Every structure is written in C-alpha cells, then in structure tokens.
Amino acid sequence: MTRTATCIYHFLVLSWYIFLNYYILQGREDLKNSKIFVNGGQWKYLTFLNLLLQAIFYGVACLEDVLKRIKGEKDIKFVTACRDLLFTTLAFPLSTFVFLSFWMLYLYDRELVYPKALDGIFPVWFNHGVHTSIFPFSLFEVILRPHCYLLKKKGLTLLAVAGLAYISRVLWIYSETGTWVYPVFAKLSPVGLAAFFSLSYIFSASIYLLGEKLNHWKWGDMRQPRKKRK
C-alpha cells in the first residue's frame, strides 16, 4: 500500500473510532435512563477504554503519516516510537483480548457480559463496531506496516502494569458501590476472581507474543536491540 493510501486508511479508521466514541459520549436519553454508566461511568468498561485507546493510536498513526511526508522518516523517530509502543503493548493486545473474551463469554452465556436488556439500548451495528470490527482493524495494521517491539520483558511488564491498573479500578468500584462492572465477576468467589484475573493476563500476554510473531513473520525481526554491557 502506498503512503497516500495508508494515510487515507488511517484517517478513515480514526474517523470511525471518533464516531463510536461520540456515539457513547453524546449523552443519549436512553443511556441515562438505563443506568448502565452509574458507578464509574463508561470508562469502567474495558470495551469503551479500548475505543478511546484505538482512537488515540490511529490519531498518532495519522500524525506520523503526515509528518513522514513533510519531514521524512529520520526526523520523526519519536512519533514513530510512540506509535509502535502504543500498538505493540496496548492497541493490538487489548483489541484482540476484547474481541476474543467478549465473544467467548457471549456464546457461553451472554448474561455474564452483555445482558439481553442491552439490545434495546445499543443497536446490533454498534455491538459489532465495538466488539467485532476492532480485531480485523488491528490485524490489518500488523500486515500494513512493521512495528518495532520492545524486549519481551519490558513489553510484558508494561502490559501487566496496564492490566493491574484496570483490575485495581474494577476492585475499587466494587469496594465503593458493592456492584461489579461485569455480571460474570459476581458469579466468582475471591479465589475464582484471582484465577480469572491471572488467566486473563496470561491470555493477554499470549496475544502480545502472537502479535510479535505475526510481525516477525511479515517483516522480519523488528525488536529493539539489547544494550551492550560495558
């Protein structure tokens, strides 16, 4: 794909994610009446955090596309590094995790993650926009251009920090309100919750490693070189 085509593609995907975020933030009356955003707002849901993250990533990708045409690759290394860091450690793992975990739980028992009552609030196209299309967009980004990965230890550590931050918010909301962000958590014992969160990290770490493998398969070794010890 040419640079111009890549820039147009990133702009279109960015516009799509901006639209999805706006759809949530515009304050529709049915959303207010449903009370699904009580106790933590929309940002308590991983799905909507992912939407914001994807919008930020594609915004950075668009900025890099434009600056690359104006200044050249050598003068925008910082922007490129930010783009790669966002995509490899957060954007790809999170979008794939949301896609896979949502649909696995949905097919098992939708009441655990997306109760039927939500069908009257969110149209089908929106559900697929936030839970389905996110994966092919991220997968295509892997094929579209190379991304430089951190050393495994650093990348997995950053992913763990992000996961712990979200889990801490989920637990804080429960401690303050007595309600769980997702119905599935109410079905689990404390030990079950610990196991669920641990397995979720292992799952997301596996997705991170899968992204690195796909990137290597398509573009060769793009990992950051190890610093030589003196």
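**Close-up views of the predicted model**

**View 1. Surroundings of Tyr58.** Apart from neighbours within four places in sequence, Tyr58 is in contact (heavy atoms within 4.5 Å) with Tyr9, His10, Val13, Leu14, Tyr17, Phe137, Ser138 and Glu141. This is a predicted model, in which local features need pLDDT of at least 70 and side-chain atom pairs count only at pLDDT 80 or more, while totals for chains, interfaces and linings use all residues. Residues are numbered from 1 along each chain as its sequence is written, and side-chain values use heavy atoms, with hydrogens and water left out. Tyr58 belongs to helix α3 (residues 46-71); helices (H or I, at least four residues) and strands (E, at least two) are DSSP runs numbered from the N terminus. Tyr58 counts as buried because its relative accessibility is 0%; buried means under 20% relative accessible area, exposed over 50% and partly exposed in between (1.4 Å probe, protein chains only). A polar atom of the Tyr58 side chain lies 3.4 Å from the backbone oxygen of Phe137.

View 2. Met1, Phe140 and Ile143 make a nonpolar surface patch of about 290 Å². Patches are made of residues with over 30% relative accessible area and no salt bridge, joining like charges within 9 Å and nonpolar side chains (Val, Leu, Ile, Met, Phe, Trp, Tyr) within 5 Å. Accessible areas come from the Shrake-Rupley method with a 1.4 Å probe, and for residues only the protein chains shown count as cover. Met1 sits in the segment before α1 (3-25). Its relative accessible area is 61%, so Met1 is exposed.

View 3. The whole structure holds 7 salt bridges, each a side-chain nitrogen of Lys or Arg within 4 Å of a carboxyl oxygen of Asp or Glu. Side chains of opposite charge can pair when their charged atoms come close. A network of salt bridges links Glu64, Asp65, Lys68, Arg83, Asp84 and Arg145. Asp119 and Arg110 also meet in a salt bridge, at 2.9 Å from N to O. Asp119 counts as partly exposed because its relative accessibility is 39%, whereas Arg110 is buried because its relative accessible area is 15%.

View 4. The side chains of Glu212 and Lys152 form a salt bridge of 3.1 Å, N to O. This pair joins distant parts of the chain, since Glu212 is in helix α9 and Lys152 is in helix α7, 60 residues apart. Glu212 counts as buried because its relative accessibility is 8%, while Lys152, at 38%, counts as partly exposed. The buried residues of α9 include Leu193, Phe197, Ile207, Tyr208 and Glu212. Its buried residues pack against α4 (77-109), α6 (134-144), α7 (152-177) and α8 (183-186). The 30 residues of α9 (residues 190-219) should span 44 Å at 1.5 Å a residue, and the end C-alpha atoms are 43 Å apart, which agrees. The expected span is 1.5 Å times one less than the number of residues. Gly220, which follows α9, has a positive phi, near 90 degrees.

Technical notes: A polar contact is a pair of N or O atoms within 3.5 Å; within protein, one must be able to donate a hydrogen and the other to accept it, and residues adjacent in sequence count only if both atoms are side-chain atoms.
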